[in-house]
Amino acid sequence: MSHSLPALRRRAGAQAQPAAPRVGAAGGPVPVITVQRLVKSYGVGQAAVHALAGRLDGRGRPLGVDLSIHQGDFVAIMGSSGSGKSTLMNILGCLDSPTSGRYLLDGTDVGGLDEHQLSLVRNRKIGFIFQSFNLVPRTTAVAQVELPLAYAGVRSAERRRRAMAALTLVGLADRADHRPNELSGGQQQRVAVARALVTAPAMLLADEPTGNLDTRSTDDVLAIVDRLNASGRTVVLITHEDEVARHAKRVVRLVDGQVTSDVRQAPLAGPPPALLDPHGFAEHSLHAHPTPPSQPAQPARSAQSVQSAQTGVQG
Amino acid sequence: MNPLQTLRFAVGGLAANKVRSGLTMLGILIGVAAVILLLAVGNGSEQAVVDSIDALGTNSLTVTSGTASASSTATTIQPLTVADAKALANTTAAPDIAGVAPEVTTSQTAIYNGVSHSVSSVIGTYPAYFQAANSKVSTGDYFSDDDVLNARKVCVIGSVTASDLFGTASPVGKVITLGGTPFTVVGELATKGTSTSSFNNPDDTVIAPLPTVQNAFTGFGSLSQILVEAKTAADTTNATNEITTLLMGTHGISSASAVDFQVSSQTTLLATRSSSTQTLTVLLGAVAAISLLVGGIGITNIMLVTVTERTREIGIRKAIGAPKSAIMGQFLAESTLLSLIGGALGVITALIGSHFTIVGIKPAVIPASVYGSFAIAVAIGLFFGSYPANRAASLRPIDALRHE
């Protein structure tokens, strides 16, 4: 039952896999995301700049990036500014299209979808969290969270119920009627998380979700992401902070549009590192915490709330 | 996305920028109100002309002495006489003529109880005049054929003459002195209304039997004119031909180009006047339509600004799965809502404004202009909003999100 990730096939010196993905009850090990020979260039000819290139062939042409991510994984993509991580993320989120290469989402080739089908994919399959929150201005928190459901054609009462369930999950039920300018950065990002997960998407994409947040809010948001992953949601997260990457089960590093390392920190199946051993995780935190953060330290309570929110979100 | 949800988003978008939305609506409001109101003013002046013609009597024809044009070959001009009038009254020779009223006109000063009033037209005529000239008595009665035969000193006076001489008291049965001759007032005419276009006030008049006026003021010579009433408005052409034939007989004229009299109908006069006011209406309407178009361009402008300003928001909405149609629908609904509300307020403004007299004209709202301008305003919103809406909807999510 051993299975090696396709992404690692072509990479020399691949690091050992701590655990191979298991074939779960949900079905075969079909990756949620498969990216093959993906290239993204700006400009043409000699002036072309490759934001995503992968290794170059003998004549200096990009071979493209290969990557595949399985159901339930929690992947952190790391890299310095200009490494192509945001470009990769925008392509994964169907916000941008690659110059060449294939992107299979849940087995569907995204390149063959038209504009309307892409909007459906963005709406149903992907929950996107941005560094700059990207909430719609002058709109209350609950209306923000309802927005994806409105575009999905969910009826008003059902929409309100599911939006409130998602807000409860991120601990902002009491801020439902607040507008973005009445919320702190951390609260805004939690609203954005609620908005990303309200349609129960297969995967959550987060582009530096904690980049604009203080450590306290960072812990709040990451705790939510940890719990979402623990409940089976695939998470892909971009960051340049090691402290954030510690939460992931797998860390992919990009340098100059090329995957340079791919490390598994925790088994694909099972909870993410922060929930696997909460106390040990907190002790090794790079942040100076006089006391362990409250939310991840209560696995029983959070597991329960995830459970209730799950039924709310998916019902 | 159901339509209600789209509408809700659109209202939210408009409410976010109340001043801007308000000013854009004002543009459409002024455009729609101008179209309705200016057309109403044009129509009102046209109506006023038609009314004044109606007041004169649409069936009536006026026969005056003199040649019609410079090309006339008439050598001498015979005056119109009572004999001419009697010839016209022959119902076998002129079956389309309902009544004939020979007229003499003068102006005299009327005195009652020391109050003096200069009457602009003192008319001596037959009772048929009242019918032909569309003059109706409001109090008292007309004078009769018997009064004419006996040349009695009785008269019917206009409402302005009555109020000037008698104030609010009833003039019927009172005796006024007209140019030194006493006349008993037997009736007062109903107000015809001051027509701005006629230089003679039709309500400032004294009408008395023809022989009485001839005896007292003008003498028994020629008539000023003969007023002829055709049976119906449609018969005026036939009646005109009959008059021409009969009078050519009495005047001994054989050639139609040598006639020494003119027959004019009120309707020909009116047609000339109303065509000139129609030109005015068209001009006013064109100016108003331009202002409506300018209002429409204002919508495009504001929607373009809105799209640019909200590019990021569009990106966010697309990133969370808004299809192109939803974005398009939202912005189209916003622009249509602007024009719809602006148009509705414009209609209300115009309907209120039409209750006031504008430059001496009572506006008469044309219902078609209300529906038409409102529909055009809404169409303008759709048409001028579709370009910005399409631009917003066609943005790629990543470009929209990166927009600052």
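Visitor: Happy to begin with a pairing: which residue is the bridge partner of L205(A) in β9(A)?
Guide: That partner is V236(A). Please keep in mind that this is a predicted model.

Visitor: What makes β8(A) and β9(A) a pair?
Guide: Two strands pair if there are at least two bridges between them. Strand β8 (residues 203-207) of chain A and strand β9 (residues 234-239) of chain A have five bridges, in the parallel sense, so they pair by that rule.

Visitor: In what order do the strands of the open sheet in chain A come?
Guide: The order of the six strands is β7-β8-β9-β4-β10-β11 (chain A), with mixed pairing.

Visitor: Why do β7 and β11 of chain A stand at the edges?
Guide: Each has a single partner strand, so one side of β7 (126-129) and one side of β11 (258-264) are left without a neighbour in the sheet. On average, neighbouring strands of this sheet are turned by 15 degrees against each other, with direction ignored.

Visitor: Which strands pair with β1(A), and over how many bridges?
Guide: Strand β1 (residues 33-42) of chain A runs antiparallel to strand β5 (residues 100-105) of chain A, with five bridges. With strand β3 (residues 65-69) of chain A there are four bridges, again antiparallel. Three bridges join β1(A) to strand β2 (residues 49-52) of chain A, also antiparallel. As for individual residues, Q36(A) stands opposite R102(A) in β5(A), L38(A) has V65(A) in β3(A) as its bridge partner, and Y42(A) stands opposite V49(A) in β2(A).

Visitor: What lies between the strands in the hairpin of β1(A) and β2(A)?
Guide: Six residues lie between them, and in this hairpin G43(A) takes a positive phi near 80 degrees.

Visitor: Why are D106(A) and A200(A) called partly exposed?
Guide: Buried needs 20 or more other C-beta atoms within 10 Å, and exposed means 12 or fewer. D106(A) has 15 such neighbours, so it counts as partly exposed. A200(A) has 16, so it is partly exposed too.

Visitor: How do you know that the span of helix α4 of chain A agrees with its number of residues?
Guide: The 14 residues (156-169) should span 20 Å at 1.5 Å a residue, and the end C-alpha atoms are 20 Å apart, so the two values agree. The buried residues of α4(A) include R159(A), R162(A) and L167(A). After α4(A) comes G171(A), with a positive phi near 75 degrees.

Definitions and conventions. Residues are numbered from 1 along each chain as its sequence is written. Chains are lettered from A and ligands numbered from 1 in the order in which they are written. This is a predicted model: local features need pLDDT of at least 70, side-chain atom pairs count only at pLDDT 80 or more; totals for chains, interfaces and linings use all residues. Helices (H or I, at least four residues) and strands (E, at least two) are DSSP runs, numbered from the N terminus. The expected span of a helix is 1.5 Å times one less than its number of residues. Axes are lines fitted to C-alpha atoms, for helices over the stretch in contact, and angles run from 0 to 180 degrees between N-to-C directions.
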